[in-house]
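Let's walk through this fold together, starting with the sheets and ending in the core. Keep the viewer open as you read.

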Amino acid sequence: MSNLSNDPPLEGGCQCGAVRYRIQGEALMTALCHCTTCRRANAAPAVAWAMYEASQVEFPAQQPTVYESSPGARRSFCARCGTQICFTADYIPGLIDVTIGSFDQPERLAPAMHSWDSKRLPWVQLSDTLPRHAEFPPQE
Ligand SMILES: [Zn+2]
Ligand SMILES: [Zn+2]
């Protein structure tokens, strides 16, 4: 994707700065998710995610706090300020989704599709031409 290998690593973290991360290499997938659990967990109309191999993402200081947001799926956030940082699930073993909104430079990586468009709020009307999947994108 647009994060070229000669770019500096992507870095990010939570609002208060307690949780910081660094990402090496390119994202496997990016999406703007309209699902109800992303919406509730982030208290936001939709959430932009970038997917990586777990080994690409390191937390040099404090690890985010993890909770099971639905059976087999886990969301991680800063226990101090509440910023949502990542998502992992049994159905995507070895992979980790990171919130693009927590990047220091979120403009460096754009969503390539919409997921769970069937749950999109009626007042969220975006004029992009990205693919829209009713639920998850089809597995490749
Ligand atoms: Zn924090
Ligand atoms: Zn979602």
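In what order do the seven strands of the open sheet run? They go 6-7-8-9-4-3-10, and the pairing is mixed. At the edges sit strand 6 (65-70) and strand 10 (114-115), each of which pairs on one side only. A word on terms: strands here are DSSP runs of E with at least two residues, helices are runs of H or I with at least four residues, and both are numbered from the N terminus. Two strands count as paired if DSSP finds at least two bridges between them.

Before going further, note that this is a predicted model, in which local features need pLDDT of at least 70 and side-chain atom pairs count only at pLDDT 80 or more, while totals for chains, interfaces and linings use all residues. Residues are numbered from 1 along each chain as its sequence is written, and chains are lettered from A and ligands numbered from 1 in the order in which they are written.

Now zoom out to the whole chain. Its secondary structure comes to one helix and 10 strands, and from the N terminus the elements read β-β-β-α-β-β-β-β-β-β-β. The radius of gyration is 14 Å, close to the 14 Å that the globule rule gives for 140 residues, so the chain is as compact as a globular protein of that length. That radius is taken over C-alpha atoms, and the rule is 2.2 Å times the number of residues to the power 0.38. Along the principal axes, the C-alpha atoms fill a box of roughly 40 × 35 × 25 Å. Among contacts with a separation of 6 or more, 56% are between residues 24 or more positions apart; a contact means that two C-beta atoms, placed from the backbone, lie within 7 Å.

Strand 7 (residues 73-77) and strand 8 (residues 84-89) are antiparallel and share five bridges, with S76 opposite C86. They form a hairpin with six residues between them, and G82 in the turn has a positive phi of about 90 degrees.

Four bridges tie strand 1 to strand 2 (residues 20-23), and R22 in strand 2 is the bridge partner of E11.

So what is buried and what is exposed? Buried residues make up 31% of the 140 in the chain. The cut-offs go by other C-beta atoms within 10 Å of a residue's own, placed from the backbone: 20 or more is buried, 12 or fewer is exposed, and anything in between is partly exposed. Four of the five residues of strand 9 are buried, so this strand is largely enclosed by the rest of the structure. S70 counts as exposed because it has 11 C-beta neighbours inside 10 Å. Its C-alpha is 8.3 Å from that of T37, 33 residues away in sequence.

Finally, the core. In soluble globular proteins, nonpolar side chains tend to be buried together. A nonpolar core here is a set of buried Ala, Val, Leu, Ile, Met, Phe, Trp, Tyr and Cys residues joined through C-beta atoms within 7 Å. The largest one has 27 residues, of which C33, W49, A50, Y52, I85 and V98 touch the most other members. Strands 2, 3, 4, 8 and 9 each supply at least two residues, and strand 4 gives the largest share, five residues. To see some of this packing, click on V98: leaving out residues up to four places away in sequence, V98 touches I23, W49, A50, Y52, V57, I85 and C86.
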